[in-house]
Amino acid sequence: MKNLEIKKCKWPKCQKEVYDEKMLFCGEHEKIGKSWLKKGVKSVVGVVGAGILYQIKKKN
Ligand SMILES: [Zn+2]
């Protein structure tokens, strides 16, 4: 069974359909969205890293 659900662009207030179901953003927002995701990943990594450092400090 193929999932025929239409995926919409994840960009806030954007209602465009994405070309590929693996994509998160429409063509218009793909470039912006990807750089935005990278920034998000970086901040998540920073938060996780800080948490790990805190755990190590607590043990010592
Ligand atoms: Zn869009």
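Lys34 is found in helix H1; helices here are DSSP runs of H or I of at least four residues, strands are E runs of at least two, and both are numbered from the N terminus. The model is a predicted one, in which local features need pLDDT of at least 70, side-chain atom pairs count only at pLDDT 80 or more, and totals for chains, interfaces and linings use all residues. Residues are numbered from 1 along each chain as its sequence is written.

Lys34 counts as partly exposed because it has 13 C-beta neighbours inside 10 Å. On this scale a residue is buried if 20 or more other C-beta atoms lie within 10 Å of its own, exposed if 12 or fewer, and partly exposed in between, with C-beta atoms placed from the backbone. Between Lys34 and Leu24 the C-alpha to C-alpha distance is 8.9 Å, at a sequence separation of 10 residues.

The protein contains one helix and zero strands. Helix H1 comprises 33 residues (residues 27-59), and at 1.5 Å a residue it should span 48 Å, which agrees with the 48 Å between its end C-alpha atoms. The expected span is 1.5 Å times one less than the number of residues.

Glu21 and Lys7 are 14 residues apart in sequence, and their C-alpha atoms are 6.0 Å apart in space. Lys13 also lies in the segment before H1. Lys13 is not a glycine, yet has a positive phi of about 70 degrees. With 5 other C-beta atoms within 10 Å, Lys13 is exposed.

For the protein as a whole, 3% of the 60 residues count as buried. The C-alpha trace spans about 55 × 30 × 15 Å along its principal axes. The radius of gyration is 18 Å, whereas a compact globule of 60 residues would have a value near 10 Å; the radius is taken over C-alpha atoms, and the globule rule is 2.2 Å times the number of residues to the power 0.38.
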